[in-house]
Amino acid sequence: MRPDRAVDDYLRHVALERGLSAHTVAAYRRDLATYLAWLDKQGISDTSDIGVETVTAFVAAHASSQPQPAPSSLARLQSSVRGLHRHLTREGVEAEDPTRRMRPPRQPRRLPKALTITQVEDLLDAAGPAPAEVSPTDPVALRDRALLELLYATGARVSEIVQLDVDDLADREVVRVRGKGDKERIMPVGSYARAALEAYLTRARPELARRGRGSARLFLGARGAPLSRQSAWLVIRAAAERAQLTAHVSPHTLRHSFATHLLQGGADVRVVQELLGHASVATTQIYTHVSIDALRDVYVTAHPRARGYNRPDGQEVESVGGGQ
């Protein structure tokens, strides 16, 4: 089969049969376009001519390209190529899978960056007015406050939030979120987020809706069209600048902060897994390391035998584990 036809067939498979999100399918398409361009340069016009050596040479060429790709980008590229060839084997197009022994590069384990509770409060205050304010306000500012309050209250991905319809808010206390693979989960909405949403829905959204052609989406742009992921990201960045937060703040920062603060407050990791929509608890457990660091700081500060002490001769001895 021609490689370009194989890629088209595979992308239809992941979009229609596996139900992957448009964002994931677009990422596969970009990765496989790189693969197709490389195969074309090698003069390979049939998938039956692709062997283990071909795939190995492609990965090596991409890994040594300049600028050097990040391990996460290289791992994603390999995953896309593996998925393509596994599909060809399952469908009986090819007898052998040349990627069967391919192993993704080991990626460094990075802890998520979370804001402190005070920093989150500063960010929310910088996004827009508090719902209790009765003075005339810009509808966009009310929308921005509601958007960030809901992101932090639910820990949802920004792509999930901008896809919400007004009808996804059930009696204002829970929200129906559709995650990866179109899997649905019900999220509770805290009192602060409920108040911000109520202010937005009654005092801002009707005005924004009048500017557009009418949309069922919960969050609308300044001209009445559905708010995009990119616009939501700009809202968060602008609020972070106004709050003078020096740390890099992104939509995922609020998701990380949501998970970290829940665990620090005593929430069970499996409950947090369900709220985040993680398929495996192993993905959620990375947040427990953040909480352990916070617990260790409290322990060292509060426990009388975790700090250094003075010997009778006046010399200070380091804390337990630090040596003498």
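This is a predicted model: local features need pLDDT of at least 70, side-chain atom pairs count only at pLDDT 80 or more; totals for chains, interfaces and linings use all residues.
Residues are numbered from 1 along each chain as its sequence is written, and side-chain values use heavy atoms, leaving out hydrogens and water. Local features need pLDDT of at least 70 and side-chain atom pairs count only at pLDDT 80 or more, while totals for chains, interfaces and linings use all residues.

**View A. The second largest pocket.** This pocket has a volume of about 400 Å³. Of its 16 lining residues, L124, E149, Y152, A153 and Y192 are the closest to the centre. (On a 1 Å grid over the protein atoms alone, a pocket is an open set of points where a 1.4 Å probe fits, with protein on both sides within 12 Å along at least five of seven lines; lining residues have an atom within 4 Å of a point. Volume is the space filled by probe spheres set on the points, which are joined across faces, edges and corners.) Helix α5 gives the most to the lining, five residues.

**View B. L147 in helix α6.** L147 is found in α6 (helices are DSSP runs of H or I, at least four residues, numbered from the N terminus). L147 counts as buried because its relative accessibility is 0% (buried means under 20% relative accessible area, with a 1.4 Å probe and protein chains only). Leaving out residues up to four places away in sequence, L147 touches I161, F219, L227, A232 and V235 (contact means heavy atoms within 4.5 Å). L147 and V235 lie 88 residues apart in sequence, yet their C-alpha atoms are 8.9 Å apart.

**View C. Strands β2 and β3.** Strand β2 (residues 174–178) pairs with β3 in the antiparallel sense over five bridges (strands are DSSP runs of E, at least two residues; two pair if DSSP finds at least two bridges between them). R176 has I186 of β3 as its bridge partner.

How values were computed
Buried means under 20% relative accessible area, exposed over 50%, partly exposed in between (1.4 Å probe, protein chains only).
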